[in-house]
Amino acid sequence: MTVNERLKNFSRRAFRGLWLSRDFRRVWASLTLTSFGMQITNLALPLTAALLLNATPMQMGVLIALETLPFALISLHAGVMLDRVRKLPVAIALDIWRGVALLAIPVAAWFSVLSIEILFVVGFLCGVTNVVGGAAYQVLLAQMAGRKRLVEVNAKVSLGEQSAALIGPGIAGALINALTAPFAIAVDALTFFASALMLRRLEAKNDIPHVSGNAGVWREIGEGLKLVKGNPTLRGLAWLAGLWQFLHHMQVAVLILFAARELSLSPGTIGLAYVGGGLGCLLASATAQRLSARFGIGPVIVHGLILTALAWQGFGLIDGPVWLATLMLGAALLVFNFGAVLYAINYLALRQAITPDRLLGRMTATMRFLTVAVAPLGSLVGGALATAVGLRATLLTVGVLGLVLCTAAVFWSPVRRHRKLPAPAAE
């Protein structure tokens, strides 16, 4: 066999399924590029607050809360709007919006007017783009892939995102050390502008609005809520994900402060530790399809959550010299991200499979509302608890509560009974 024939055989094995779709490859590249940029902001934004502006734990809690508050305010209306329009133009417009919002931080830093209030505003605006743009991307990808490839599309998108999570934190730490945190965020803004340009010529033939006649907004919102309430699987997913998001955002509000202040880790060292988290993401993305095929969709969701709870407990136990603390933080992030990505891939596939096409936008927005609307409260509780009892004690508390949640899911959640993707629910 010649070298050319071997290369062709390898290409056929490696690039099959959705990789053969030009539209999917373009959307995948767009999401992967912005994922690299977001790795920078995920570190640079809280580090700007913690190190440059000397934010308190409560201010960190408010910052994280404002990033998730739009889920409670506009996600239901966003779902109705998305079902009525094409998703691609919405995704492009919000990529540009997010890029402009992020540029406000380095511009304010350049003119020496950066304040915690500016971070609050930018965090809220980025939250709006997460709600509307994120839902638009999810529905667009589901329409492009078709029902039989929902696990595949979520796994492939996650593979790109988690590849960014593997490499991005190290690059982010280096950029933050070289440029300082506010100016490193400008790189993230550029990735969103580039993403909008990449999507400009996308065809997206399946991106078709579903016209609902003269139905009012509130009536259509009610349809989404009725769908979730009337379906035991969606209802179980909503309860499980909502409680998990509450605990997760308690942890998010304090983890960077804990690493920077109690463990005395530099931005570059924190970025290095987050590479371990990226490795966990990559491993989960690469194995999600095989694990769900072997053990079932529901069991993988529940056991993924158990791993995240164990990692939360691990965060609170980190101690020792810088080198040891860095290794322990990287290991805990690896376990957490492995579990979280396994959970997320199968969670998304299960809720998309069970929903009729015309309700996908409303279901996505409704589930995001029900599951992430409690996240701002979790962030505020995390900040308040850290102020009262300390950063380490807060992390340990989250770990204990997470294990209680997972134990309840193992015994009582209807989600664990699903072995395969079900057919759409009857309307």
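This is a predicted model: local features need pLDDT of at least 70, side-chain atom pairs count only at pLDDT 80 or more; totals for chains, interfaces and linings use all residues.

A: The following account treats the helix packing, then the loop residues, then the cysteines.

Residues are numbered from 1 along each chain as its sequence is written, and side-chain values use heavy atoms, with hydrogens and water left out.

Helices here are DSSP runs (H or I, at least four residues), numbered from the N terminus. Helix H9 spans residues 232–262 and helix H11 residues 297–316; their axes come within 11 Å and cross at roughly 25 degrees. Axes are lines fitted to C-alpha atoms over the stretch in contact, and angles run from 0 to 180 degrees between N-to-C directions. H9 is therefore roughly parallel to H11, a term for angles under 35 degrees. The crossing of H9 and H11 is left-handed, that is, the near helix is turned anticlockwise from the far one by less than a right angle.

In this contact (heavy atoms within 4.5 Å), H9 contributes Leu237, Leu240, Trp244, Leu247, His248, Gln251, Leu255 and Phe258, and H11 contributes Ile301, Leu305, Thr308, Trp312 and Phe315. By class, the residues of the contact of H9 with H11 are 10 nonpolar, three polar and no charged. Nonpolar covers Ala, Val, Leu, Ile, Met, Phe, Trp, Tyr, Cys and Pro; charged covers Asp, Glu, Lys and Arg; the others, Gly among them, count as polar.

The axes of H10 and H11 come within 7 Å and cross at roughly 120 degrees. Leu291, Ser292 and Phe295 of H10 meet Ile297, Pro299 and Val300 of H11, a contact with five nonpolar, one polar and no charged residues.

Between H9 and helix H10 (267–295) lies the loop that holds Ser264. Most residues other than glycine have a negative phi. Ser264, although not a glycine, has a positive phi of about 60 degrees. Ser264 is exposed, with a relative accessible area of 52%; exposed means over 50% and buried under 20% (1.4 Å probe, protein chains only).

Within H10, Cys281 is buried, with a relative accessible area of 4%. A search of the whole structure finds zero disulfides, defined as pairs of cysteine sulfur atoms within 2.5 Å.

Technical notes:
Helices (H or I, at least four residues) and strands (E, at least two) are DSSP runs, numbered from the N terminus. Angles under 35 degrees count as roughly parallel, over 145 as roughly antiparallel, 65 to 115 as roughly perpendicular and the rest as oblique.
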